[in-house]
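This report looks at one chain as a whole, then at its meeting with a neighbouring chain, and then at two places inside it. Please keep the structure in view while reading.

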Amino acid sequence: MTIENKLSTIKYSPDTESHLRPDNEKCKSCKSKICQKVCPAGVYEWLEEEQRLLVKYENCLECGACRIACESKSLGWEYPKGTKGVLFKNG
Amino acid sequence: MSDIREQNKTEVIVVGGGPAGIACAVTIARAGHEVILIERGRFAGSKNVFGGAIYTQPTREIFPEFEKTAPLERKNIEHKYAILGKDDSTIISYRKKHEDPVSYSVIRGKFDRWMAEEAKKEGVILVEETVVRELIVENETVIGVKTELENYYANIVILADGVNSLLAKQIGLRETIEPKDVAISVKEVLKLDKEKINDRFNIADDEGCIYELFGGPMLGKLGLGFIYTNKDTITIGLGITLDEFGEDDSRPPYELLDNLKSHPSIAPLIKDSELLEYSAHLIPEGGYKKIPTLCGAGVMIVGDAAMLVNNLHWEGTNLAMISGKIAGETAVVALSKGDFSENSLIRYQNELEKTFIIKDLKTYKDLMDVMHAQKTSYLDYYLRKINSFFEMFTSVNSKPKRELYWNFIKNYFKEKNPKEILKDFGYAVKLLWGILIK
């Protein structure tokens, strides 16, 4: 099952702006790109050609794994606004 | 400014509507004090995720009659410890129909919401859909919280804001969390007919079964899996420490979960089920050595925010509730004295140290270090070895048994050099010593 299929089972109330703000300059020199590997929602995708980290923040499960795993500790991370983000019914 | 302070001033603010925050707030409200519980989700429980069971005795300490009205799924009567090889498994199981069940499976979206509603009935002021962005600190004392909309002031602020506790970090009560000190847990709640659940897990309608899964896709990694039975759903998931994702070929957590689901010993249990909801959360794994400073002037930290999880025994919500209760009692004592200094709130830490919470975390203080050092051995080699022993033991191949035993023993000494064997036993002794003696 793809991650998109899994995520389609979750209720979200997406915000219009991202609560996840990577420092793209630091991302360029990051070797591990570990955010892509730890994220349980596939939020992060490194676009090699554009040299840019794509952040699908609206899929975020607000776990905080990326914040802690980020090698350069440069990821701006905060909770979405009170009315926004993920809503688990069966957590 | 002072007008707003007066208007928005209460006795205690608790940040976070999980088991720790709710237990804390209700304890304070019962003593007749004004307490505001701030929850960032739409309702308490809507941002919360766990494996699957709450514990009866500690929950009764907070809500003595919870079993009468709380939304409970099943009372657990069986624990299965399954050691998964690549394609085989060895399972140890303990089953007992307790008169008084040790634990119940619950759904947090229902159970936490129920607890919060109960707390409201007892006088807690619940403010939902509100994120506390930072703590207001004056003269090195926490005097309130800044939310998106307005500031609230209080004599005491209690941080029950979960594993990420950005607030504890803001005021320097704890260091930056390292990847090895938390696990990412992913889980799926799967819809399945009640009758099928009962048949497959050998349980009656209201009975539950817990699987604790070692190995499988987590072989050689600091990770464990779990299965819980709910009324008409099954919960399956796994947790792996974040430092396990650094390898080039490491796969994301949801793929590991897919691998677990397709393991030949697991797949039949969840066959024909339908994914109802996927979720993820971090689990504090740092243990005793990573407990933050538990209090400061005007502030205390409880539950996951204080790293209070006993991972070996799958205990977290109970540590959360009891730490919340003790912090609540401490707040009540402090309010009666009118003293909110660190010297006054240190009572929380002192009382916590007398309980099973700090004692247990101390007992297992070396566990994670040993497991990190020994994971290729304890969490890979020996797990596979247990399975290969039973494969040998159950084989019928017209070979004499003594030959089979000696082959097994010879293989062990072929696969492990004396130094490794010494190390394996040395660490095991160190761990046991730490658990039983000091």
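## Chain B as a whole

Helices and strands are here DSSP runs, a helix having at least four residues and a strand at least two, and they are numbered from the N terminus. Counted in this way, chain B has 15 helices and 17 strands. The model is a predicted one. The radius of gyration of chain B is 24 Å, close to the 22 Å that the globule rule gives for 438 residues, and chain B is therefore as compact as a globular protein of that length.

Along the principal axes, the C-alpha atoms of chain B fill a box of roughly 90 × 50 × 40 Å. Of the 438 residues in chain B, 49% count as buried. If one takes the contacts in chain B with a separation of 6 or more, 73% of them are accounted for by residues 24 or more positions apart.

## Where chain A meets chain B

Between the two chains, 32 residues of chain A are in contact with 40 residues of chain B. On the side of chain A that touches chain B, the elements giving two or more residues are helix H1 (3-7), helix H3 (34-38), helix H4 (65-69) and strand S6 (85-87) of chain A. By class, the residues on this side of chain A divide into 18 nonpolar, eight polar and six charged.

Is B:Leu335 buried or exposed? This residue, which has its place in helix H10 (residues 317-337) of chain B, is buried, because 20 other C-beta atoms lie within 10 Å and a residue counts as buried at 20 or more.

When residues up to four places away in sequence are not counted, B:Leu335 touches B:Glu11, B:His33 and B:Asn155. B:Asn155 and B:Leu335 are 180 residues apart in sequence, while their C-alpha atoms are 8.1 Å apart in space.

## Two helices of chain B side by side

Two packed helices are described by the angle between their axes and the distance between the axes. For helix H13 (residues 367-393) and helix H15 (residues 418-436) of chain B, the axes come within 11 Å and cross at roughly 160 degrees. Angles over 145 degrees count as roughly antiparallel, and H13(B) and H15(B) are therefore roughly antiparallel to each other. Their crossing is left-handed.

In H13(B), the residues B:Leu367, B:Val370, B:Ala373, B:Gln374 and B:Ser377 meet B:Asp424, B:Tyr427, B:Lys430 and B:Leu431 in H15(B). Sorted by class, this contact of H13(B) with H15(B) has five nonpolar, two polar and two charged residues.

Notes:
Residues numbered from 1 in each chain as written. Chains lettered and ligands numbered in written order. Predicted model: local features only at pLDDT ≥ 70, side-chain atom pairs only at ≥ 80, totals over all residues. Rg over C-alpha atoms; globule rule 2.2 N^0.38 Å. Buried ≥ 20, exposed ≤ 12 C-beta atoms within 10 Å, placed from the backbone. Contact = placed C-beta atoms within 7 Å. Nonpolar A, V, L, I, M, F, W, Y, C, P; charged D, E, K, R; others polar. Axes fitted to C-alpha atoms, helices over the stretch in contact; angles between N-to-C directions. Parallel < 35°, antiparallel > 145°, perpendicular 65-115°, else oblique. Left-handed = near helix turned anticlockwise from the far one by under 90°.
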